[in-house]
Amino acid sequence: MSELSSNHAKHVRALLDGGIKSGSTATDNSIVRSWRRCHSEHHLDPVNRDGPVIVRPDELAGYQAGLADLMPIAKIEMANLYQQLAGSGYAIMLSNADGVLLNYFGDPSFTHAASKTGLMPGAIWSEQHQGTNGIGTCICERQPLVIHHNEHYLARNIGLTCSAAPI
């Protein structure tokens with residue numbers, strides 16, 4: 001385990017044990033609730049190094065077909081937003097209510113790194129699979145939010161900043 005992963009795990013455990021008080025890093029209520037769900041309900045280890053869970057191509061097609069009315073509209077809006085962000089190193093994604101990524105527009109400089117972390121169509125970004133993260137936590141909290149670096153539950157995701165909003 002790397003020192004970074006070890007330090008992150010200690011930070012998570014300190015918050016869960018009550019050792020971090022309000023006003024400290026990662027004490028936003030939605031993040032605290034998420035970390036507790038990750039620990040108590042999903043039994044995740046902050047240093048878990050398992051790769052991303054990816055649905056089969058036929059399952060992905062089924063999920064996309066389930067939102068057939070939304071997909072063409074979302075694709076146009078995502079493409080427009082991507083044009084505004086092109087070259088910035090960001091990506092725009094659409095997931096379903098289960099956290100399965102359905103569509104992805106990403107900066108080429110980010111696409112390779114994104115695929116290593118599981119940010120690709122078919123990847124499941126629910127809290128159950130990826131811990132506290134923009135997509136999964138947004139689904140649970142039912143509100144727009146940002147999960148920045150150390151606010152992720154899993155150490156493998158602390159290099160990411162994720163913004164998400166329900167539609």
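Glu127 and Arg37 form a salt bridge, with their closest N and O atoms 2.7 Å apart. A salt bridge here is a side-chain nitrogen of Lys or Arg within 4 Å of a carboxyl oxygen of Asp or Glu. The pair links distant parts of the chain: Glu127 lies in helix α6 (residues 127–130) and Arg37 in helix α2, 90 residues apart. Helices are DSSP runs (H or I, at least four residues), numbered from the N terminus. The model is predicted; local features need pLDDT of at least 70, side-chain atom pairs count only at pLDDT 80 or more, and totals for chains, interfaces and linings use all residues. Residues are numbered from 1 along each chain as its sequence is written, and side-chain values use heavy atoms, without hydrogens and water.

Arg37 also meets Glu141 in a salt bridge (3.2 Å, N to O). Here Glu141 sits in helix α7 (residues 134–141), 104 residues from Arg37. Arg37 counts as buried because its relative accessibility is 14%; buried means under 20% relative accessible area, exposed over 50%, and partly exposed in between (1.4 Å probe, protein chains only). Glu141, at 15%, is buried as well. Glu127 is also buried. Arg33, Arg37, Glu127 and Glu141 are linked in a network of salt bridges.

Asp58 pairs with Arg56 in a salt bridge, with N and O 3.1 Å apart at the closest. Asp58 is partly exposed, at 49%, and Arg56 is partly exposed, at 48%. The salt bridges number 6 in total.

Helix α1 covers residues 3–16. Its buried residues include His8, Val12 and Leu16. Helix α2 (29–41) is among the elements covering the buried residues of α1. Just after α1, Gly18 takes a positive phi of about 85°.

Technical notes: Helix = DSSP H or I, 4+ residues; strand = E, 2+ residues; numbered from the N terminus. Expected span 1.5 Å × (residues − 1). Contact = heavy atoms within 4.5 Å.
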